[in-house]
Amino acid sequence: MDAPKSSHNINLLIFFLVLSAIGGARAQVGINTTDPQGILDIQSTHSGVVMPRIALTSTQLAAPATNPQGGNIPAGSVIYNTARTSNGSGDVSPGLYVWTGDQWTPQFDRKQYELFESQLGLRTEPLSSRSAVTVPGLSSQNFTPSYTGIYKIVISVNYGGGTCKIPSEGNGLSNSDADLNIARASGQFDFDLDGAHYLIPVSAYSTNYGTNVTPRKKYFAIWEEFTLTQYVNFTAGTAKSFNLSFTQNEAPEFLLDGQGEGRGYVAYDLPCRVEFIYMGDE
Amino acid sequence: MAQVGVGTTEPKGAFDVALGQAFVYPRVALVDITTQTITAPNGNGIAIGTLVYNTKNSGTDDQAVYPGLYLWNGTQWIAQFDKKDNKIYVQNASVRTGHEVGQQGVSFASKTFTPQYYGTYKISVTVHFGGGQVDLPISADPDDQYTNFNAQEGLFYFSFNNQSHSIGLKAFSGNNNDRLFDGGIFKVYENSYNQAQFSIVEAALEAGVSYDFELTFDQLFADGFISDGAFNTAGSGHIDLNGAIGCTVEINYIGQ
């Protein structure tokens, strides 16, 4: 930080400028102007106004800014904060802040957006252990928040079933014979955010006609998309790890009981997506 | 050209305040965004680029000012701070629906929104609905494979600020007798929920005013479902939490 070097001399300089600019009982200061348009009018085409550069420790603490007359600093006090803190609440990041009487309020626009997308074409099959498969591109990822506060997380997943079994006529009366199999494939996405689990159960239907139907059609990968939106609190600078996985349920109605062509589809046409959006202070 | 340093003999700009103290802006109680309120020293209008700290809430509707730094752009006072106002409400209890009970409420921990600023808010409502269990089809021979599918439907109603918005949502349920597939395990497909989202824009919400919303669902008569989809039967529809997913109402400030 710049330490005061010679405030006495500086005060003299200001005094001189004030004298040169005073028009009446009200004092104005003009810098590079003898006709100030406000209480302080700074004319320059090549230099800016350099605000007091202070390293704040919290939006909730006026210090280290001080009132030279003692007591609290007044509302309307403005500084350029040089510090970035990451304590989880009241955090500050470099920029202009104004003291509003009980806290420092940033005078700049805070935005952060990050999109993660999966790879396309994950085939899923029911596992005997029901253990989850990770979604490529969305597993073991990290997001590092720039600010402390509320982030919106949007998790968009899609899932479609594989090819279901060809129905069989059986041995009953013809008016109850099967010509069409409509089967549901289902499972559950698990978005794991540093140990917090957000579950999204999904399902989709597939169809297959009997062999006596001409032309015989089968429909699979008729995926459905589901979106989960959450607001969570993050701390600036603290990386959050996340992992999207999927567990498919047993699928005996599907070819090979859900193996091979009976496998389900994740991200068949459209990637699964995870978005992080900064929304504001807690 | 002259520079002024406060607390420094080497000002790094036209005006450099380098003390461990803040720069205190003129504290002004602005009337509203188009009233200058203050004057230039010569009594004329104020110059473009004039900055003040506004001390109070004042003005109404799109004229309102809030505490913070304001800059005069020649026409009006422009807030220099970041106006963010976002809130989400998440369904907190599962609902089983029924055709004969009329509109059923979807519950939230809070259903009140109080805008911080006057202006336009976008309200995004995400709903989901899954059908109950369909009737058992009558088969002449239990060895035959058959499927029976029906769609159950209803209307969501979202009311906010004395306006009601509705959206219909349907979902298939089914039975699949795959005795020939799976050694006799009968498949019942229910709560194969579908999700829908719609957005409404509220153009003139008032700061500090509490607005309540309601989200209800009216399931229609569901012939083909157990008990015709009556309340608290196996044929009742679902607006379940299903783990973490629930209906949500998100409200975002998008500008004046």
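Student: Why is A:Arg273 called buried?
Tutor: In this predicted model, A:Arg273 has a relative accessible area of 18%, and since buried means under 20%, A:Arg273 counts as buried.

Student: Why is the contact of B:Lys84 with A:Asp109 called a salt bridge?
Tutor: The N to O distance is 3.7 Å, and because the cut-off is 4 Å, the side chains of B:Lys84 and A:Asp109 meet in a salt bridge. This pair crosses between chains, with B:Lys84 in the loop between β7 (77-79) and β8 (86-90) of chain B and A:Asp109 in the loop between β7 (104-106) and β8 (113-117) of chain A.

Student: Are these two partners buried or partly exposed?
Tutor: B:Lys84 has 18% relative accessibility and counts as buried, whereas A:Asp109, at 43% relative accessibility, counts as partly exposed.

Student: What makes A:Lys152 and B:Glu250 a pair that joins two chains?
Tutor: The closest N and O atoms of A:Lys152 and B:Glu250 are 2.7 Å apart, and the two form a salt bridge. A:Lys152 lies in strand β12 (residues 149-160) of chain A and B:Glu250 in strand β19 (residues 248-255) of chain B, so the pair joins two chains. Both A:Lys152 and B:Glu250 are buried.

Student: How many salt bridges does the rule find across the interface of chain A and chain B, and how many over all chains?
Tutor: Across the interface of chain A and chain B the rule finds 3 salt bridges, while the count over all chains comes to 11.

Student: What else describes the interface of chain A and chain B?
Tutor: In chain A, 85 residues are in contact with 70 residues of chain B. The area buried between the two chains is about 6,300 Å², of which carbon and sulfur atoms give 57%. In chain A, A:Gln37, A:Tyr205 and A:Tyr231 lose the most area to chain B, together 9% of what that side buries. Across this interface there are also 20 residue pairs in polar contact, both residues being at pLDDT 80 or more. The largest share of the side of chain A that touches chain B, 8 residues, comes from strand β16 (residues 224-234) of chain A, and the residues of that side divide into 46 nonpolar, 25 polar and 14 charged.

Student: How do you know that strand β3 of chain A pairs with strand β2 of chain B?
Tutor: Strand β3 (residues 49-50) of chain A and strand β2 (residues 15-17) of chain B run parallel and are joined by 2 bridges; because a pairing requires at least two bridges, these strands pair. The bridge partner of A:Val49 is B:Phe15, and that of A:Val50 is B:Asp16. An open sheet of 3 strands has the order β3(A)-β2(B)-β1(B), with parallel pairing.

Student: Why is strand β17 of chain A described as mostly covered?
Tutor: Strand β17 (residues 240-248) of chain A has 9 residues, of which 8 are buried; because buried means under 20% relative accessible area, each of those 8 falls below that limit.

Student: Which strand is joined to β17(A) by 7 bridges?
Tutor: Strand β13 (residues 180-193) of chain A is joined to β17(A) by 7 bridges, and the two run antiparallel. Within β17(A), A:Leu244 stands opposite A:Phe191.

Definitions and conventions:
Residues numbered from 1 in each chain as written. Chains lettered and ligands numbered in written order. Heavy atoms only, no water. Contact = heavy atoms within 4.5 Å. Buried area = accessible area lost by both parts, 1.4 Å probe. Polar contact = N/O pair within 3.5 Å; in protein donor to acceptor, adjacent residues only side chain to side chain. Helix = DSSP H or I, 4+ residues; strand = E, 2+ residues; numbered from the N terminus. Nonpolar A, V, L, I, M, F, W, Y, C, P; charged D, E, K, R; others polar. Buried < 20%, exposed > 50% of the residue type's maximum accessible area, 1.4 Å probe, protein only.
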